[in-house]
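Here are a few friendly notes to go with the model. Please keep the structure open beside them as you read.

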Amino acid sequence: FTNNNSTQNNRHNHNLNFRMEYTIDSANYLQIVPSYSYSNTDNLTNLNKDQNTLYGQDLEHLVTKGTTNNGNTTPNYGVNLFYLHTFKKPKRNFSLQYNTSNSDNTQNGEQNTTYNYYADTTLNDLVRDSLSHLLTTRTSRKNTYQGVLTYTEPLSTSSLLEFTGQFTKDAYDNTAMSDSVTTAGTLIPQ
């Protein structure tokens, strides 16, 4: 049994965040926080496997050679908005917070593997062979929207009454496609 594998991984990440605060007047405050991130990953694996397996009196000699290449990109972006209004009565206030975020993940993969079956432990007598060449593409998108309204009313110097309303919406769009490739390089849709 011989098994030789090599793998190469490359990963890159970038992040950008910004925060802006603005005091409109003594009773009104606004904060805006946009964000952006991007990641990219590439993985390459080479496989070379020579395996002899005995099933009772039958010998299976399988030699597998192949490569697998996978790429993944993920940009994410969003914004957080916050508004606060304070009233003249101490501790009475109204606030609004809104968040939105979007992510878009794309994965592309290719697997190209040959399988050779030999009659004995040598590589002289090829019984049969097989080729597996697959292309895969996956996309995943998610959009999130969230809002929060809060009103605070003081009841006494040591107690407050707070009303909060919140909504959240998540939207998803996921797709996966796989295609086989003939020896002539023609795609066979699955």
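Which residue in β5 is the bridge partner of Leu84? In β5, that partner is Ser95.

This is a predicted model, in which local features need pLDDT of at least 70, side-chain atom pairs count only at pLDDT 80 or more, and totals for chains, interfaces and linings use all residues. Numbering starts from 1 along each chain as its sequence is written, and side-chain values use heavy atoms, with hydrogens and water left out.

1. Confidence. Mean pLDDT (the predictor's confidence in each residue, from 0 to 100) is 91 for the protein, with 97% of residues at 70 or more. Strand β2 (residues 20–25) has the highest mean, 96, and strand β8 (residues 187–189) the lowest, 68. Strands here are DSSP runs (E, at least two residues), numbered from the N terminus.

2. Strand pairing. Two strands pair if DSSP finds at least two bridges between them. β3 and β4 run antiparallel, joined by 28 bridges, and Ser35 stands opposite Gly78 in β4. β4 also pairs with β5 in the antiparallel sense, over 24 bridges.

3. Turns. The β3–β4 hairpin has 2 residues between its strands, and Gly56 in that turn has a positive phi of about 65°. In the β4–β5 hairpin there are 6 residues between the strands; Lys91 in the turn has a positive phi of about 70°.

4. Aromatic pairs. The whole structure holds 2 aromatic pairs (ring centres of Phe, Tyr or the six-membered ring of Trp within 6.5 Å; planes under 30 degrees apart are stacked, over 60 edge-to-face, the rest tilted). Tyr29 and Phe82 pair edge-to-face, at 6.3 Å centre to centre and 65° between the planes. Tyr29 is in strand β3 and Phe82 in strand β4, so this pair ties together parts 53 residues apart in sequence. Phe87 and Tyr151 are also edge-to-face, at 6.3 Å and 70°; Phe87 is in the loop between β4 and β5 and Tyr151 in strand β6, 64 residues apart.

5. Phe82 counts as partly exposed because its relative accessibility is 22% (buried is under 20%, exposed over 50%, partly exposed in between, with a 1.4 Å probe and protein chains only). Phe87, at 35%, is partly exposed, as is Tyr151, at 27%.

6. Thr139. This residue of strand β6 (residues 126–154) is buried, with a relative accessible area of 18%. Leaving aside residues up to four places away in sequence, Thr139 touches Asn105, Thr106, Asp173, Asn174 and Thr175 (contact means heavy atoms within 4.5 Å).

Technical notes. Helices (H or I, at least four residues) and strands (E, at least two) are DSSP runs, numbered from the N terminus.
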